[in-house]
Amino acid sequence: MLEEKKELLRVEHLKKYFTTPKGTLHAVDDVNFSIRAGETLGVVGESGCGKSTMGRAILRLHEPTAGKVYFEGNDILSYNKKQLKELRKDMQIIFQDPFASLNPRMTVSEAIIEPLLVQGIYKSSERAAIISRVDEIMNLVGLAKRLVNTYPHELDGGRRQRIGIARALAVNPKFIVCDEPVSALDVSIQAQILNLMQDLQEELNLTYMFITHDLSVVRHFSNNIVVMYLGQMVECAPAKTLFKNPLHPYTKALLSAIPVPDPDFKMERIPLKGELTSPINPDPGCRFAKRCPYATEACTSREMTLMELEPEHFVSCRMIQEQR
Ligand SMILES: Nc1ncnc2c1ncn2[C@@H]1O[C@H](COP(=O)(O)OP(=O)(O)OP(=O)(O)O)[C@@H](O)[C@H]1O
């Protein structure tokens, strides 16, 4: 019998609001989900819907406004500075733009050594052990040994992102927030980096939260997918279910925008009208209503909640919920 995978991360009623001159910006507004160890949760949605803020709030790079985050069953929002520093070894992040996130004055080896020293995994006097660990990590992420003394500007985007991955892996984490890790790369390089990340996940039993605006990137990669709209989850389901039977009009619109190679497969194209509205002091009711082709008066007057309409398939849409 297959062993049931353990839950690694649980997020409950997580909120992150920013105070702005125009009002309170609801960047993340009551999200709930969990991720099992060794699995990937894909988080998708348009730019500005709160994906990065959510990833950072989970890691406490942004202090959450409200909610709970449990890592291995522990309430990490109650952690003090010392506990947080320890936690950094378990929870890491890979950024979208490796060029912006790397120090231009650090060579490849210096960039990998930095987290090893900052996290206290080695003392700077342990030279031989550090050199051997850098060698091991470079090998793991497919960076040739000869690149050890090169600088980021001497490398292409793919190699730079391999350094970003190496820095995250250096401390032996269990969980990694991957924040659009391939969006800044040429399409030809994207697949290489995605394959590397998948291999690393298997080899090191990593758990990923993979943030992307592009549903097709997480299709084959994720166990479950969360679709976000203006700080809220509109749908959450196992990846296969979401692609086969999307229920929320916004998910359908995102999916219908992905080109499909199969000419027999015709999906009704649902155009998305207008832009993402402002997350500042949002109106009650469904936040997608202004762009939804099916919206009625009732959608704008009542607060929406996520409901499990099929096993593990959660949807926040009044019309779909009432059809059941
Ligand atoms: N430090 C901040 N102060 C004020 N508002 C912020 C801050 N960081 C993010 N925001 C706002 O929060 C909302 C969500 O932004 P976020 O970057 O999380 O979205 P995203 O879905 O990750 O988009 P992108 O892919 O463009 O980064 C946006 O309206 C953004 O302007």
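Residues are numbered from 1 along each chain as its sequence is written. Because the model is predicted, local features need pLDDT of at least 70 and side-chain atom pairs pLDDT 80 or more, while totals for chains, interfaces and linings use all residues.

Trainee: Are helix 6 and helix 7 roughly parallel or roughly antiparallel to each other?

Mentor: Helices here are DSSP runs of H or I with at least four residues, numbered from the N terminus. The axes, lines fitted to C-alpha atoms over the stretch in contact, of helix 6 (residues 157–169) and helix 7 (residues 187–204) come within 10 Å and cross at roughly 25 degrees. Angles run from 0 to 180 degrees between N-to-C directions, and those under 35 degrees count as roughly parallel, over 145 as roughly antiparallel, 65 to 115 as roughly perpendicular and the rest as oblique. Helix 6 and helix 7 are therefore roughly parallel.

Trainee: Which residues of helix 7 make the contact with helix 6?

Mentor: Two residues are in contact if their C-beta atoms, placed from the backbone, lie within 7 Å. Helix 6 contributes Gly157, Gly158 and Gln161, and helix 7 contributes Ile189, Gln192 and Ile193.

Trainee: How far apart do the C-alpha centres of domain 1 and domain 2 lie?

Mentor: Domain bounds come from an automatic or database domain assignment. That assignment gives domain 1 (7–90 + 173–277) and domain 2 (105–163). Their contact takes 11 residues from domain 1 and 7 residues from domain 2. The C-alpha centres of the two domains are separated by 28 Å.

Conventions:
Helices (H or I, at least four residues) and strands (E, at least two) are DSSP runs, numbered from the N terminus.
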